[in-house]
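Take a look at the chain shown below. The report that follows covers its helices, its overall spread and its aromatic rings.

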Amino acid sequence: ISNAFDILAFFIILIFVAIKITHAGTPYFNDETWSYGPAVYNMTLNGPSLLPGSIPAHLSRGHPLLFYFLSSLWLRIFGYSVFNAHLFIVFISALYLIAVYYFTKKFYGVFPAIVTLILVALQPLVQTQAAMLLPDLFMALLTILVLQSYLLNKVLLFNIYAALLIFTKETGIAVWLTVFLFDCFQRRRERVLNIIIAQIGRAHV
């Protein structure tokens with residue numbers, strides 16, 4: 001059954017990608033036009049870099065440069081065009097949907113994973129941004145990987161994904177902080193429960 005659902009998930013994502021590719025030639029719009037598009041174009045011309053000042057501050061708006069770096073690296077390989085820039089985001093959106101499916105499958109089972117995949121793929125926000133040169137879906141992908149690493153107690157992967165998230169956009173620190181506070185609360189609760197259990201045990205002795 002699991003393999004059948006995996007194949008179904010593959011075809012759902014494939015159909016999603018095929019539809020979004022038809023939108024990849026759409027001209028830049030809104031934030032793409034005055035911020036991300038020009039910034040990625042500038043870095044593509046001058047060479048991908050993570051160093052501060054590698055693109056003018058009025059283009060990067062002071063954001064960390066990982067998204068610009070990856071976008072420009074893609075465009076240096078495949079050639080600069082609006083279509084190829086959007087194709088990079090279509091690729092990211094496919095990875096995001098894969099992560100959504102396997103995250104849900106890991107913790108809730110295959111049927112909820114398929115339902116979640118379909119619902120997420122049909123979300124207007126995902127439909128819109130899956131072919132726009134914006135970092136939101138890349139951040140969503142990294143957020144899922146951060147949460148999955150934490151829940152599986154993969155400390156190294158958690159730190160890597162959390163760092164990548166923060167280097168994508170400064171607001172990514174909110175995810176790390178939320179997980180940190182949740183972990184502190186969980187550990188404190190476990191200590192309190194252990195003390196209570198110990199006290200109950202002593203009372204019975």
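## Helices and rings

Read along the sequence, the chain runs α-α-α-α-α-α-α-α-α-α. Helices here are DSSP runs of H or I with at least four residues, strands are E runs of at least two, and both are numbered from the N terminus. The radius of gyration is 21 Å, well over the 17 Å that the globule rule gives for 205 residues, so the chain is more spread out than a compact globule. That radius is taken over C-alpha atoms, and the rule is 2.2 Å times the number of residues to the power 0.38.

This is a predicted model: local features need pLDDT of at least 70, side-chain atom pairs need 80 or more, and totals for chains, interfaces and linings use all residues. Residues are numbered from 1 along each chain as its sequence is written, and side-chain values use heavy atoms, without hydrogens and water.

Now the rings. Rings of Phe, Tyr and Trp (its six-membered ring) pair if their centres lie within 6.5 Å; planes under 30 degrees apart are stacked, over 60 edge-to-face, the rest tilted. The count comes to 15 aromatic pairs. Tyr150 and Phe182 have ring centres 6.2 Å apart and planes at 75 degrees, so this pair is edge-to-face. The pair links distant parts of the chain, with Tyr150 in helix α8 and Phe182 in helix α10, 32 residues apart.

How open are some of these residues? Buried means under 20% relative accessible area, exposed over 50%, partly exposed in between (1.4 Å probe, protein chains only).

| Residue | Relative accessible area | Class |
|---|---|---|
| Tyr150 | 22% | partly exposed |
| Phe180 | 41% | partly exposed |
| Phe182 | 41% | partly exposed |
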